[in-house]
Amino acid sequence: MKYRKILIIICSLYVLAAVASSCFTSRMNDKDMHNYFANSRYQPKRHFYQALGRQLHYVDIGDSLQQPLLFVHGSPGSWDNFKAFLKDTFLLAHYHLMTVDRPGFGESQAEGAEDELQNQAEALLPILKRQSQPVILVGHSYGGPIIVEAAIQYPQYIKALVIVAGSVDPSLEPSNWYRYPLKYTPLRWAIPSFFRSSNDELLPLESELKKMSPLWHKIRCPVVVVQGGKDVLVAPDNAKFIKRQLPHVKVTTIWKENMNHFVPWSDPELIVEGIKRATE
């Protein structure tokens, strides 16, 4: 029975990997990108840069003189998880939009994931430094704790945070025992590389969140939280944790009771609302 249970879990992970591959980790080539944005006022541009001793990638679009805004995807994911936002007429009229491939994903896939939040935040630093003014960060899921870490480490570069279904409370992290065989046994080589990256960065997340918990007082910018009550991947009470951790800054919560975890696809208008309210 024990081995049967493990087999069922592994098969479920394969299904998850296939879904994630088709929905969240597509690598849009230049032709697809041109076709997708053919009717847009602006055309996106690719940028490759160095951080953590490796080459990383992000895409930007819009007027570089506008307020910079950077989207940070979850795990797994890629820059084009936010491609629909790059065509949003309101956002294009008011923001210089950027979206990054985090280490281990998309065009930043070589060399695998970074399993420390501090390194994940450092991977964003060259993008932040390139901007002429502080940046609004939007982080979905695992991108949530990354942008929190960035605001802790580099407050001078951050104007506001929009945390979308972010997993930030270590006490709410689910059991992840099944991730160990995917890290330390030959099963590791039976799953796609992006799923290995996802497993590698999520495995130590609870301990990474514990390291981050005493440092929230260093955040100095306003924060907006977008959270759904039907999220089964990230506990909805993470929204309450953020509020408790930040009594010294303005925290705005946008709550939708029947919303799931996949907010960028199911309820993108709430993220746009969160962006608007981030600097009110």
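The structure is a predicted model, in which local features need pLDDT of at least 70 and side-chain atom pairs count only at pLDDT 80 or more, while totals for chains, interfaces and linings use all residues. Residues are numbered from 1 along each chain as its sequence is written, and side-chain values use heavy atoms, with hydrogens and water left out.

**Two helices in contact**

- The axes of helix α5 (residues 143-153) and helix α8 (residues 205-212) come within 11 Å and cross at roughly 30 degrees, where axes are lines fitted to C-alpha atoms, for helices over the stretch in contact, and angles run from 0 to 180 degrees between N-to-C directions.
- α5 and α8 are therefore roughly parallel to each other, a term for angles under 35 degrees.
- In this contact (heavy atoms within 4.5 Å), α5 contributes P145, V148, E149 and I152, and α8 contributes L205, L209 and M212.
- These contact residues divide into 6 nonpolar, no polar and 1 charged, where Ala, Val, Leu, Ile, Met, Phe, Trp, Tyr, Cys and Pro count as nonpolar, Asp, Glu, Lys and Arg as charged, and the others, Gly among them, as polar.

**The two sides of helix α9**

- In helix α9 (residues 238-245) the buried residues are N238, A239, F241 and I242, with buried meaning under 20% relative accessible area, exposed over 50%, and partly exposed in between (1.4 Å probe, protein chains only).
- Seen down the axis of α9, these buried residues fall within an arc of 160 degrees, so they line one face of the helix; the arc is that of the directions from the helix axis to the C-beta atoms.
- K240 and R244 are exposed on the other side of α9, whereas the cover over its buried residues includes β6 (158-164), β7 (223-228) and β8 (251-256).

**Backbone features in loops**

- Most residues other than glycine have a negative phi, and most peptide bonds are trans.
- A165 is not a glycine, yet has a positive phi of about 50 degrees, and this residue counts as buried at 1% relative accessibility.
- E111, in the loop between β4 (95-101) and α4 (117-130), has a positive phi near 75 degrees and is exposed, with a relative accessible area of 61%.
- The peptide bond from S75 to P76 is cis, with omega near -5 degrees, and P76 has its place in the loop between β3 (67-72) and α3.

Technical notes
Helices (H or I, at least four residues) and strands (E, at least two) are DSSP runs, numbered from the N terminus. Angles under 35 degrees count as roughly parallel, over 145 as roughly antiparallel, 65 to 115 as roughly perpendicular and the rest as oblique.
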